[in-house]
Amino acid sequence: MMKLNSTGQVVLILVAVAYLLGVYFISSPVWMGFTINALIVAVLALSWNVTGGFGGLSSFGHAVLYGTGAYTSAILQVTYGVNAWVALVAGIAMAAAVGGFIGALAFRYGVKGSYFALVTLAFAEVFRICAASFDFAGGGSGLQLKLAPGISNIQFADRTVLYTFLLAIVVLVMLLTAWIKYSRFGAYLVAVRENEDAARALGIDTYRIKVLAMAVSGAFGGLAGVLYLQLWLFIDSSIAYGSSVSIEALIGPIIGGAGTVWGPVLGTLGLHLIGEGAKTLLSNAPGLNFVLYAVVLICALRFMPNGLVGLAGRIGPFAKKESKDA
Amino acid sequence: MLEVENLSKSFGGLKAVSNATLQVPEGSIVGLLGPNGAGKTTCFTMIAGFTKPDSGSVRLRGKDITGLAPHHICNLGMIRTFQIVQPFAGLTVEENIAVGAYLHHHERKEAMAVARDVGKRLGMGTLLDRPASALTIAGRKRLELARALATGAKLLLLDEVMAGLIPTEINEIVGIIRQIRDEGHTFLMIEHVMQAVMSLAETAYVLNQGVMIAHGTPRDLVRDPAVVEAYLGHGAAQRLQEDDHA
Ligand SMILES: Nc1ncnc2c1ncn2[C@@H]1O[C@H](COP(=O)(O)OP(=O)(O)O)[C@@H](O)[C@H]1O
Ligand SMILES: [Mg+2]
């Protein structure tokens, strides 16, 4: 299913796979904890990739999807005692609905480009303020899940099991991404990105495709939010809907390679490795990782417009054409 | 097959098209001629659903399609190409054509097979793996045609697919269009290249300053004083006649 075009890409992917499997053997709780966080962000990055990567619809407010997933699940579990798995499905569904709603509204009025980014950002901020204000969402003090380890509660006492669970989810979301990429829906989404007028002429209902993309992206983003909740058992408005979430969502795909299957995961892992390295070196100055992300982002945009995957694609014997396959 | 009646469109104070009427019978190749700025492209954008006409109607196989969205119209079997080519620049030629093919072939395998087939028929067999951005202008014009054809649409509105091509390229595309027509397609084509229109179109319409000034066989049209005036300026017809007599 996956068509690799160069040795560079193969090597890049092998390194990532080796790292992800190596975490099992290093048996360092720091590494594992850090990689667990990165995997959750990778799911969020794959969410942004659907709209921003394939569809060219760059959102600057993916926190609205992530937060909605997390809050829906938290409210259902804390207030109504709903089972964690049911709450997970509800969180995904609600985030998909919110994504579709924002898309339907924005695209109905022909919002495009940086205006779309601003609209999504505005939605995330509105949701953040609402979550901080309403009592049913915990208000200023957030929502806390009861500690109750067990598969039926999606809480894992054993870090290795948790890690395996998250790894499986990342692989699942990557498989779904690959399916999108090689489906009619994916081809249409890319067509919308490349030239919307031409897409319309060729019989594509571009409005429907874009709204659908927002809903799918919402489902992935909501899933990431629920995973965060299940890991930390706590959310508040700025954790769930804060703009740092929206930044994390887009920076991985841009650095790794937007509109590819591996790019968002590779970018997120690479970025977190750099961020973590800097943190230990420079003794935890708060916010420093974001300064660093900004520098990396600027370099990435300047020197590798198609991300790591695009860069690696130019290395090796099969690297004839500039391709985004991976 | 296509009946356009009294189509009008103004941009601000400018009447780009006024009361344009034309018919395209099934299986024919009909030309739409006229000097630059005459309103030809505007006609196409209205017929294909990209802009709503101020007044008038468009009927496709008897069905009123005035004001329908472009994707609906394409689903009904009519498609336009763009005068300023609009390739999906980041995709290969094959992927470009496949976007058209997906309309009626929902599986990737089928869509790709149709795309390769259409590409080969239009003489783009060796270019299928090239990025569309690497094509020459002739290649891009042909890609417009290939993509449109891949949708399975039977009525193709071509907007200056020969502009900017050299004579051998024009001959090739004329041959291709004739072949596609013989396979059961119908064409309405905007064209500046007279030679191409003369050899392809059975009938043609001439638009000037938004008004349909003539309709007939290309042969008749080049002798029509009104048409000559429109192209060459006021008094040109008379001067030509005087030259003939002299
Ligand atoms: N979107 C638009 N807004 C304003 N004026 C337009 C627009 N599109 C076309 N026009 C004007 O309408 C007239 C007809 O243009 P067009 O249909 O492109 O002519 P043609 O294709 O025959 O060269 C021109 O004067 C052009 O400037
Ligand atoms: Mg024109």
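The model is predicted, so local features need pLDDT of at least 70, side-chain atom pairs count only at pLDDT 80 or more, and totals for chains, interfaces and linings use all residues. Residues are numbered from 1 along each chain as its sequence is written, chains are lettered from A and ligands numbered from 1 in the order in which they are written, and side-chain values use heavy atoms, leaving out hydrogens and water.

Start with the rings. A pair of aromatic rings is described by the distance of the centres and the angle of the planes. Rings of Phe, Tyr and Trp (its six-membered ring) pair if their centres lie within 6.5 Å; planes under 30 degrees apart are stacked, over 60 edge-to-face, and the rest tilted. Over all chains, the structure holds 14 aromatic pairs. In one of them, the centres of A:F101 and A:F123 are 6.4 Å apart and the planes stand at 90 degrees, so this pair is edge-to-face. A:F101 sits in helix α4 (residues 84-108) of chain A and A:F123 in helix α5 (residues 113-133) of chain A, 22 residues apart, so the pair links distant parts of the chain. Helices (H or I, at least four residues) and strands (E, at least two) are DSSP runs, numbered from the N terminus. A:F101 is partly exposed, with a relative accessible area of 49%. On this scale, buried means under 20% relative accessible area, exposed over 50%, and partly exposed in between (1.4 Å probe, protein chains only).

A:Y188 and B:Y102 also pair edge-to-face, 6.1 Å centre to centre with 80 degrees between the planes. A:Y188 belongs to helix α7 (residues 184-194) of chain A, and B:Y102 to the loop between α3 (93-101) and α4 (108-121) of chain B, so the pair joins two chains. A:Y188 is buried at 4% relative accessibility. B:Y102 is buried at 2%. Elsewhere, A:Y19, A:W31 and A:F34 form one aromatic cluster.

Charges meet rings in chain B. The charged end of B:R80 sits over the ring of B:F50, 4.9 Å from its centre. That of B:R147 sits over the ring of B:F88, 4.7 Å from its centre. The test is NZ of Lys or CZ of Arg within 6 Å of the ring centre and within 35 degrees of the ring normal.

Now the metal. Which residues coordinate the magnesium ion (ligand 2)? B:T41 (OG1) and B:Q83 (OE1) do, at 2.0 to 2.2 Å. B:T41 lies in helix α1 (residues 40-47) of chain B, and B:Q83 in the loop between β6 (78-80) and α3 of chain B, 42 residues apart. Donors are N, O and S atoms within 2.8 Å of the metal (3.2 Å for Na, K and Ca); water is not among the atoms, so sites may look incomplete. B:T41 is partly exposed at 26%, and B:Q83 is partly exposed at 30%.

Two loop residues of chain B have a positive phi without being glycine. Most residues other than glycine have a negative phi. B:R61 has a phi of about 50 degrees and is found in the loop between β4 (55-60) and β5 (63-64). B:R61 is partly exposed at 47%. B:Q209 has a phi of about 45 degrees, in the loop between β9 (203-208) and β10 (211-216). B:Q209 is exposed at 63%.
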